[in-house]
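Please look through the sequence and the model first, then read the points below by topic.

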Amino acid sequence: MSGYMYPNEITLYWSVLIVLYPYITGLVAGAFILASLERVFRVEAVKPTYRLALLTAMAFLLVAPLPLLFHLGHPERSWEMYFTPHSTSAMAMFGYVYLWYLMAVLSFEIWLDYRREIVLLSQSSKGLLRLVYKIMTLGSTNIGERALHIDERVGWIVTLIGIPSAFLLHGYVGFIFGSLKSNPWWSSPLTPVVFIFSAMVSGIAAVMLIYMAITKLRRQPIDTRCVDTVAMYMFYIFIIDFSLEMLDLVHRIYEADESFRSLNFMAHTKLFFSQIVLQMFLGTLLPLILLFLTQIVQLSEIARKRIYAFSGCMILISVFAMRWNVVIGGQLFSKSFLGYTTYKVGLVTHEGLLVALGLILLPLFFLWVLLKLLPPWSESGASAAAD
Amino acid sequence: MNITRRHILILLPAAAVAWKSVLAGTPEDSPNYNMSEHWWGMLIDISKCIGCGNCVRACQTENDLPDGFFRTWVERYHRSDWHLENPEVISPDGGKEGFPSVQDDPGGEYFFVPKMCNHCADSPCTQVCPVGATFISPDGVVLIDQTYCMGCAYCVQACPYGCRYIHPTKKVADKCTLCYHRITKGLTTACCEACPTGTRQLADLKNPKDPIHEFLKTHKVQVLKPQLATGAKAFYNDLDGSVR
């Protein structure tokens, strides 16, 4: 600690788990936006990632509330948010937005999209798996042409509703921070918008990397046209995200209000590595330059794929660093603007590093289960059964 | 109206839920206390504070507070002529045991500023609580129902004055209650009672006979961080512009 902190500020109350929360919900929103490119905007080139994007969104969405639950002093009271929500609280919306997105958008869309395969698998598989698929049909076993046509139309409408819902899910997370007038690091109308665009970039990067990794593992050729298109969208959205973040930064520097001295000090000291080095240079400028090169220079296929993979990884690190700088950075300076504290991550505490690592790996396990149950690729058992 | 078994089946659970709220909002054992007749605040006269820390100790004893966390604390400001916007501030252990003496006076002005929950009328902490565990009582005191709070710490982040913390053992938000258990029985707060110079004075803005009204008329009184428009009710007399 240096300078003067109010005595109750020395402890940080929001830990690395609260960093994970916007990061994970961002990946969900971004993955869904990628899926909607194919479904709503008819970008056929990204079709190989469509189902994978939906399943990725689902895997991360299932984990999204866990960092919050681990963080709560009394997680057993969390249901009060559903039954007695406080109407003026942004956070009180979480339960409803989450449930809406989980049940009305994502689960419904995946179910509609996979219904034919689920019905066929419930007939062809054996033992416990058969029971699982039977339950997943929800008793709807009509896979006639007309029924599938209705599925397609309803699925399109659900995706259409899903786009603003994805914005709502993550914009609301940004609003939780952006609406606090007590903290100038967070308080900005741009915060929710920056959160949404960084979420889109990170989600698209995650799905692209997962697609490339899984395709490699399955010893299948990566669809170059698909990753070219995904990377192009990622690049354009990243430019918007970068511009918004720069607008916020320039505005703060030029306005230089009473909090500026504190924030400037942090950017040059405590957050120098995570914000300037990791988030801005390595995580933003470097991938932007590389992705720009792929747009203007005729590079070989293998070079492009390597750039996409590298840029995707750097984007994921950059967006995580951005969440870290927002959540942790926002608590490192005193609201008196006269002092600074430090944050030490515990290793095995209930809000420590191991729990955080577990929570970031858990969605990958869920994704593995989902991929086994609902394979997104065409030569899957489902499709074989269908044929 | 005929009460049928069906009515009872509906009414009993509803009554059970409602009873919890009734209990939460009831002033403790104060049958003659009428919440609607009061609107509490605090007057803090900086020119009188000597930084003895009596108020901090009294608060800690009265409310059985954990070490290292404070419902009230005292800061010592040193504002030099050249650094009006960046005063030197200290509050060792919340000022509980007083302050070290100044050895070589570098000039400028030294003064003490007692801090506590401002019991804001438009309190940001109350606004953000996702379950409504923190609330403004009808008599103007910001309170927390600790049997309801889930310990998310959103209110701690929302308080611009650093007055809230998460209780290390109860795992719920905690802050100054303006000694609600005392003031509803006609007593003053523990900090006011312990203050040897009368720096702190409990004020009832709805009571026309309360000396606060005369004081506010005759003194230049301010609140902390007025630009945040929180409706703070900790009124500071002789507040220096450098105080945060």
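A residue counts as buried if 20 or more other C-beta atoms lie within 10 Å of its own. By that rule, buried residues make up 42% of the 244 residues in chain B. The model is predicted.

**Chain B overall**

- Chain B has seven helices and eleven strands.
- Among the contacts in chain B that join residues at least 6 apart in sequence, 65% are between residues at least 24 apart.

**The three-stranded sheet of chain B**

- Strands β3, β2 and β4 of chain B form an open sheet in the order β3-β2-β4, with antiparallel pairing.
- The edges of this sheet are β3 and β4 of chain B; each has a single partner strand, so one side of each has no neighbour in the sheet.
- From one strand to the next, the twist averages 25°.
- Helix α2 (residues 54-63) of chain B packs on the sheet and touches β2 and β4 of chain B. The direction of α2 makes about 160° with that of β2(B).
- Strand β2 (residues 72-79) of chain B has seven buried residues out of eight, so β2(B) is largely enclosed by the rest of the structure.
- β2(B) pairs with strand β4 (residues 109-116) of chain B in the antiparallel sense, over eight bridges. In this pairing, W73(B) stands opposite K115(B) of β4(B).
- β2(B) also pairs with strand β3 (residues 88-90) of chain B, in the antiparallel sense and over three bridges. Here R76(B) stands opposite I90(B) of β3(B).

**The four-stranded sheet of chain B**

- Another open sheet has four strands in the order β9-β1-β11-β10 (chain B), and its pairing is mixed.
- At its edges stand β9 (200-204) and β10 (221-222) of chain B; each has a single partner strand, so one side of each is left without a neighbour in the sheet.
- Strand β1 (residues 40-45) of chain B and strand β11 (residues 234-237) of chain B pair in the parallel sense over four bridges.
- The bridge partner of M42(B) in β11(B) is A234(B).

**A helix pair in chain A**

- Two packed helices are described by the angle between their axes and the distance between the axes.
- Helix α8 (residues 190-217) of chain A packs against α9(A) at an angle of about 155°, and their axes are 9 Å apart.
- Angles over 145 degrees count as roughly antiparallel, so α8(A) is roughly antiparallel to α9(A).
- The residues of the contact of α8(A) with α9(A) divide into 20 nonpolar, one polar and three charged.
- The crossing in which α8(A) passes α9(A) is left-handed.

**Where the chains meet**

- In the contact of the two chains, 30 residues of chain A touch 34 residues of chain B.
- On the side of chain A that touches chain B, the residues divide into 14 nonpolar, eleven polar and five charged.
- T84(A) lies in the loop between α4 (80-83) and α5 (94-124) of chain A. Leaving aside its neighbours within four places in sequence, T84(A) is in contact with V131(B) and G132(B).
- With 15 other C-beta atoms within 10 Å, T84(A) is partly exposed.
- T84(A) and L120(A) are 36 residues apart in sequence, and their C-alpha atoms are 43 Å apart in space.

**Positive phi in chain A**

- A256(A) is not a glycine, although its phi is positive, at about 45°. A256(A) is in the loop between α9 (224-255) and α10 (260-268) of chain A.
- Is A256(A) buried or exposed? A256(A) has 12 other C-beta atoms within 10 Å and is therefore exposed, as 12 or fewer count as exposed.
- F337(A), a residue other than glycine, has a positive phi near 60°. F337(A) is found in the loop between α13 (329-332) and β2 (339-340) of chain A.
- With 21 other C-beta atoms within 10 Å, F337(A) is buried.

Key. Residues numbered from 1 in each chain as written. Chains lettered and ligands numbered in written order. Predicted model: local features only at pLDDT ≥ 70, side-chain atom pairs only at ≥ 80, totals over all residues. Helix = DSSP H or I, 4+ residues; strand = E, 2+ residues; numbered from the N terminus. Pairing = 2+ DSSP bridges. Axes fitted to C-alpha atoms, helices over the stretch in contact; angles between N-to-C directions. Parallel < 35°, antiparallel > 145°, perpendicular 65-115°, else oblique. Left-handed = near helix turned anticlockwise from the far one by under 90°. Nonpolar A, V, L, I, M, F, W, Y, C, P; charged D, E, K, R; others polar. Contact = placed C-beta atoms within 7 Å.
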